[in-house]
Amino acid sequence: MNELEALILGLVQGFTEYLPVSSSGHLQIGQTLLGIDPEVGGLTFDIVVHVATVLSTLVILWKEVSWLLVGLFQKAWNDEKRYILNILVSMIPVGVVGLCFKDEIEALFHGTTVVGVCLLITATLLALTYYYQPKERESISPLHAFIIGIAQAVAVLPGLSRSGSTIATGLLLGNSKKHLAQFSFLMVIPPILGEALLDAKHLIAPSAEYLAEHGVTEPISASVLAVGFVAAFISGCIACKWMIELVKKCKLIYFAIYCGIVGLLTLLFL
């Protein structure tokens, strides 16, 4: 992978992370179209650009993040602590999947058939929110946070959009469109940053054992990672702000059509 390819894939990651179209699926499609060997760099590039988009979330939603941090250190039980509790509850399913089924899931990131099928599933899920719109409730309950967390855990499959799955699940449960996108974006911060911290030493100086375990034939250069990181961060800031407004207006049917078309094209031609 060279710097130009890293720029393209970084932009793809940033723009698709917050749009309900699956960033991991588009990354894999992009690598296939560019003729990039997935074993050159392995998961290193994917982790770096995912961290970049998480940092873009912190920038765009810093007002909300600071609100949570201030409320966390207050003695009384408050809305901020209730919100943080919901985020912690939503992390349980993805934590279980990451600890118990990580190797099996990573094996699925080596083929476009899974991507195509999962994009069609994403399209179906998004379409349901257009045809079924239950009465809205103002706040997200811990039970609903857990169910949305299950959707996030399942969405580790390439092609199954994380934001699309969590937002669509929340809408189908009757949660407020006003708060759902914000919750969906904030709930992904701890898992991705946690995974990045665990893999930090491998990203800085990958050992031979780590490279062999992840099927990496050669490490990726620092300049390529830097270009991908910057591209993903900038495009992620743009997409995050745009997606929040889109969810409030609930025009997800257009993304359902897009995912359906891309899923079919992936299955037919890739």
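The model is predicted, so residues count for local features at pLDDT of at least 70 and side-chain atom pairs at pLDDT 80 or more, while totals for chains, interfaces and linings use all residues. Residues are numbered from 1 along each chain as its sequence is written, and side-chain values use heavy atoms, with hydrogens and water left out.

**Exercise 1. Find which residues line the second largest pocket, and which helices they come from.**

Step 1. Start with the term: on a 1 Å grid over the protein atoms alone, a pocket is an open set of points where a 1.4 Å probe fits, with protein on both sides within 12 Å along at least five of seven lines, and lining residues have an atom within 4 Å of a point. The second largest pocket has a volume of about 340 Å³, the volume being the space filled by probe spheres set on the points, which are joined across faces, edges and corners.

Step 2. Its lining includes Glu 64, Trp 67, Asp 79, Arg 82, Tyr 83 and Phe 183.

Step 3. Helix 4 (62–72), helix 5 (79–100) and helix 10 (177–187) each give two or more residues to this lining; helices here are DSSP runs (H or I, at least four residues), numbered from the N terminus. Helix 5 supplies the largest share, four residues.

**Exercise 2. Locate the salt bridges of the whole structure.**

Step 1. A salt bridge needs a side-chain nitrogen of Lys or Arg within 4 Å of a carboxyl oxygen of Asp or Glu. The search finds two.

Step 2. One joins Asp 79 to Arg 82, at 2.7 Å from N to O. Both residues sit in helix 5, three residues apart, about one turn of the helix. An α-helix has 3.6 residues a turn, so residues three or four places apart point the same way.

Step 3. Another joins Arg 162 to Glu 17, with the closest N and O atoms 3.9 Å apart. This pair links distant parts of the chain, helix 9 (residues 162–172) and helix 1 (residues 3–18), 145 residues apart.

Step 4. Now check burial, where buried means under 20% relative accessible area, exposed over 50%, and partly exposed in between (1.4 Å probe, protein chains only). Arg 162 and Glu 17 are both buried, whereas Arg 82, at 36%, is partly exposed.

**Exercise 3. Work out which residues form one aromatic cluster.**

Step 1. Rings of Phe, Tyr and Trp (its six-membered ring) pair if their centres lie within 6.5 Å; planes under 30 degrees apart are stacked, over 60 edge-to-face, and the rest tilted. The whole structure has three aromatic pairs.

Step 2. Take Trp 67 and Tyr 83: their ring centres are 5.9 Å apart and their planes at 80°, so the pair is edge-to-face. Trp 67 belongs to helix 4 and Tyr 83 to helix 5, so parts 16 residues apart in sequence are tied together.

Step 3. Tyr 83 also makes an edge-to-face pair with Phe 183, at 5.7 Å centre to centre and 75° between the planes. Here helix 5 is linked to helix 10, 100 residues apart.

Step 4. Trp 67, Tyr 83 and Phe 183 therefore make up one aromatic cluster under the pairing rule. Phe 183 is buried at 2%.
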